Every structure is written in structure tokens, then in C-alpha cells.
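Subject: Structure handover

Hello,

Here is the structure I promised to pass on. Please open it alongside this note; my findings follow below.

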Amino acid sequence: MKHYLTTCCFCGCGCGLYLHVTNGRVVGSSPSRNHPVSRNNLCVKGWHIHEFIHDSGRLTRPLVRKNGTLVHTDWDEALELTAERLSGTISTHGSDAIGVVSSAKCTNEENYLLQKFTRAVLSTNNVDHCARL
Amino acid sequence: MTNSIEELRGAEVIMVIGSNTTEAHPQVARRLVAAVDNGKNLIVIDPRRTAISEFADIHLQIRPGTDIPLLNAMMRIILDENLIDDVFIEMRTENFSSLRDSLYTMDLNELIAITGVTAEAIGQAARMYARAQKGVICYCLGITQHICGTGNVESIANLAMITGNVEQSFTGVNPLRGQNNVQGACDMGALPGVFPGYQPVQDLETRKKFERAWKKSLPENLGMTLMQMTHSGRDGQIRAMFIMGENPVLSDPHASLVKETLEGLDFLAVSDIFLTETAELADVVFPAASFAEKDGTVTNSERRVQLMRRAILPIGKCRTDSDIIMELSKRMGYRMDYEDMAEVMEEIALLTPIYGGIYHDRLEKDWGLQWPCTDRNHPGTPYLHKYSFTRGKGRFVPAEHHPPDESPDSEYPFLLMTGRVYHHYHTGTMTRTSEMLEREAPRAVLEIHPDDAGSLNIRKGDMVKISSKRGSIEIEAEPTTRVMKKSLYTSFNFRETPVNILTNPAMDPVAECPEYKICAVKVEKVGHNE
């Protein structure tokens, strides 16, 4: 079993915890002893953090809506269609007709890239996330 | 937070206002309990009898939405009894006279009457906090999720400044951030008015700097906020959306309008790890990698930037959100080529002064770095405002009582507050897959005072229908004295009881934070849950 030191994905406390990995599956978690926030302690959500990762409900393939229902597709179609529809919206309605919602659950780098994409590629400042909620 | 979580142990007096700390921020609550164990004083201000209030020396159970009159009453008492910190006010602040004048025009007895708490208790709390050498305030969404949220926060700042309770270790004002990276998402400029590091998009020099770095001309007009985008209705200005890792259909107020808005779009793309209520409405759904399947950094409530490390490869055909954004960008004619997330962070450091010294290799060595961290030799900043505030001097902004947007009336006689439970996270997409967590907290309950329950013939376990002007849900009742008479409480973590159908989207005009904490509802018994 391997242990990977990472940061908890739930609340703003930001505990340091280890993910326990066997055969490519996360099977458990434990707190970091010296981390300044967790100090060898996790809340009940942290102790059970591994459970959702391999849940059968996880999305594992891209989906696209055809005739009203979401069906499996490949990455190429999903990305191409999105790029096409976003470009189409810009040319018919202008850049400010696009809204982007970033995430307080994603990393700093992902948030940086998404606001850069919104501002530099979509040419709008319509980007926000749930901070106000 | 102006302080670090660990510092809370060292405060003499801790005042917790609008925070259900044990359930929402367990690690902060642990420090509060430890401080009480060590003989420190705890003041809790909350309309509910929360778990943390049981540890308090003083619990001010104020009427919901009366934080400003309470804080003004405390300040007035501090002023009358000359417990202010003259030196701090003189050297570090400005506009004190306007606060003082405003407090003197208020009638103390009237303020106290609005809060519903006794004058003795308020005086005791005011003296306890003002006399502390090291006083800390922690606040959370009970303060901000009001139509007068900005006034609430300014009043807290006023109280901390007149008593000089800022600028040292163990001393400050600490908003507890909810999501693991809500601090970072703000820091990174996922906001309509600012680039990374809170640099305004309308500032020409700033925009030029980013235009040079990104080699694109950039828009200068302010963008729309989340609430403007998701509540504009079927024929709003927004025609297409990309939503990454959020579930507004369950988490935003007046949820049925959010759904209607998203259904009315020409195109919606959603990236998530589960098929959420929001993803179900999408035209394209990207399967995203979870936190265990990617590298990157997140910034916690105490501004600590920390590494998330990949433990396993993305499951199935999942890809990381960064991958998805870079692919989309490439297909729209703008290449974003980064070797890895460390390289993205280098670009962030170059363009963002407060993150100027934050690089992945430095984060490897210790427990992350707390911003501001301006260059590679900067050790980070455990607590803020040591010698001066960000804007120079701290400015007093007096605030007056602002009644909630929606008050109970004869048709909707109860006041509903919403919050979170310990065992689940936000809309429950992740935590509700865990059998153990589900066993501990399988459903939301409606907390109702036993006297109110009695008069409506409602017993524990009965199903009740609660309705606001915007809609209704059915939920199990739990009579308890945790809530006051005529007020109700439930959590928004459960999709079976989507309480945000009821909540009021009226917002604070400055922060645009909706008033989740107060809406008027009626309660009817519908049956008994076996």
C-alpha cells in the first residue's frame, strides 16, 4: 500500500491527509501528524474521503445531448461541439452572451486557466464562482 | 482570515458570530474548544443554540438579522465605558468621528430591544471582548448571507478596530471560508471584476500587463456575477454557459428560476465528477478527474497555498479540468501549452504580486505558504495587517440596522434559516455516496420550536410542507429548543429536500451575496414518516 500526502477537498480548513492506494484504488485515508491544521486529526468527512472517488456514479465518459437525451460520446466530439457552439454564440450574440462559472472545488491553476480562457479567448469578464453563496 | 487557524488557541477572548463552527469548520472548532479548556473566554452570537454555543461563557441568542444593532450596542457600551483603544484608533485608523457620532445618535435601549437579548448579557460580552489583550472574532455565512451582509462585516471590523484587536498574532478578524478552494478561486480572479490577485479589470495599466503576458486584447467592461447569470430567466442576455464543478441548480437561492434559466440557454456545457442536477440539463457533459487524480494547489481559509498531489490516474476516460480548458482553448484558436501545473503556477507568480513567491518546489518542502508572499525569499504571512492595513489606515464605516428583505407576515408566519450538517458537504454529490456518512445523516430535518410544533399538532417524525412565495418542499419535522419560537432551521445538503426552492434571492447590493439565512415561510402538517 502506498500513501500519498495531499490536501482535503472538502472545507476551507484545508487538512493535510494521506490517501492510501492499493492497485490503483484509493482505499482509505489518514491525517498528517504534523500538518498545522489537521495535527493528526480529521473530521468524519475526511476519514471517508476515499469513498466517493471510486463510486459507481462517477462520470467516466463524455456525454452529449442527442434527441433530448444525454448519450455517451468521445472526447473529440464533446470538445469540438463545445468549441463550435461557444464560437457560434460569440459570432451571433457577442462575447458577453457567454457566461462561465468556475469552481471553489477546483485548483488554483484550474481557476487561473479558466478565467484566462474566459478573458483571453471568449473575450468577456463574465466569470464568477460560488464565493458569494 | 487575518490569522492562522493554529493562532486561535492563543487568543484570550474568542467571539464567534454567525458560524456553526463544529459542523462547518471542525478543525477551527477544535481550536475553540481547546482554548476554552485552557481557560480562555468564548462568546457565541447565534440565533440558534449550536453545539459550539454550549461551550460559550456567553451565548447571545439574537433574533435573526439583528447583527448590526447588536454590534452597535456593544460598541456604544464600549464607548460609554471608555474601553476603546485610543492609541490604535489614532495611529491606525480614520473616520472614527463618524462612527462615534453615529453611535451617539442611536438609542442604546432601542438597539438592545431589536436584538431580543438582555442588556446585561450584551454589556458582559462587550466588556469581555474590549478588555481582552488578544481578542479574535470568527465569522461565517451567518454574517454574510444577509441583505445587509456588507454592513454586518463592516460592523465587525469597526468593533475590532475601536478595541485595537487587529495586527498581532492571536488577534484579528477571521471570516471562515466554506469550500476548500473558495479563497483560491477568488485569488485567481474567477470573479467578474478582477484579474488574479484582485487587480481590477478596469485599471488600464493592469489590463495592459495581462494583455502583454497573454498576447490578446482583453475586455474592459465588468462581467456579470453568478447570480446575474443564473437568475436572468429564460430570455436573459446569457445564451451559452460553461459550468465547471458547481451545482447551482441545488445550491443557489430560488432554485426553480436557476433551472428555468439554464433550460432556456442555447447551449450549456458542464464539467463535473458526477451527473449533478446541473449536469442533467447540459448539452455536453465532461467527466472530470477528482482531487485524487490531479496535481495542483488549493488555498485554505488562512490563505495557506498547499499542494494537492495525484494519488491515482484519472478513472475511466476522465480528464482533469485543466486539460479540458486547454483543449477547448486550442480548438478555439488560442494555444495554452503548459508542461505541468507547476508551470501554470510560475505564470501566476509572475502576474500576481500576492502570489509572487509561490512556486510548487517551495510548497514541496513545508506545509505550503500563506499569502501575501511576494518573492522567492518571502516566508509568507501568518497574520495580516501587522503595521498597516492594505489600504493604509483602517476606515470606520458606520452601519445602521437594515431589516431583512422578507419578514414573516400573517400568510408566511415563520422565519426560515438554512445551513449545513457535519456529515455532508454542500449539495452532497460526494459525501452522500459514502454508506457510513449516509447512515449517520440520511436526510434533512426541519428544526421547529416545541411550542410552535405543539400549536400545529406536529410531532417528531411528522412530515410537514414548508412553503415560501417561491415554492414548497416536504420535510421531516424535529421539534427542538435549538431554534427560537417562530424560527425554523434546515440544511441544504439533501437533494430530496431542495430547500433552495424556498430561499430568497434578494442580495446585498455590494457583495451580491443572497439572503439565504432569512426567508418567510408557512408550515403545514402532511403526514407521519414511519
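Two residues are in contact here if their C-beta atoms, placed from the backbone, lie within 7 Å. Please keep in mind that this is a predicted model.

On that basis, B:Ile43 has these contacts beyond its neighbours within four places in sequence: B:Val13, B:Met15, B:Ala56, B:Asp57, B:Ile58, B:Ala125, B:Met128 and B:Tyr129. B:Ile43 also belongs to the largest nonpolar core, which has 198 residues. It is among those with the most contacts inside that core, along with B:Ile14, B:Met74, B:Ile122, B:Ile156 and B:Val521. Helix H3 of chain B (residues 67-80) gives the largest share of this core, eight residues. In soluble globular proteins, nonpolar side chains tend to be buried together.

Next, strand E1 of chain B (residues 13-17). Five of its five residues are buried, so the strand is largely enclosed by the rest of the structure. B:Val13, B:Met15 and B:Ile17 point one way. B:Ile14 and B:Val16 point the other way.

E1(B) has two parallel pairings to look at. With strand E2 of chain B (residues 41-45) there are five bridges, and B:Val13 has B:Asn41 as its bridge partner there. With strand E5 of chain B (residues 135-139) there are five bridges, and B:Ile17 is partnered by B:Tyr139.

Last, chain A. Its domain assignment gives domain 1 (2-52) and domain 2 (63-132). Their C-alpha centres lie 31 Å apart.

Best wishes

Notes
Residues are numbered from 1 along each chain as its sequence is written. Chains are lettered from A and ligands numbered from 1 in the order in which they are written. This is a predicted model: local features need pLDDT of at least 70, side-chain atom pairs count only at pLDDT 80 or more; totals for chains, interfaces and linings use all residues. Domain bounds come from an automatic or database domain assignment. A nonpolar core is a set of buried Ala, Val, Leu, Ile, Met, Phe, Trp, Tyr and Cys residues joined through C-beta atoms within 7 Å. A residue is buried if 20 or more other C-beta atoms lie within 10 Å of its own, exposed if 12 or fewer, and partly exposed in between; C-beta atoms are placed from the backbone. Helices (H or I, at least four residues) and strands (E, at least two) are DSSP runs, numbered from the N terminus. Two strands pair if DSSP finds at least two bridges between them.
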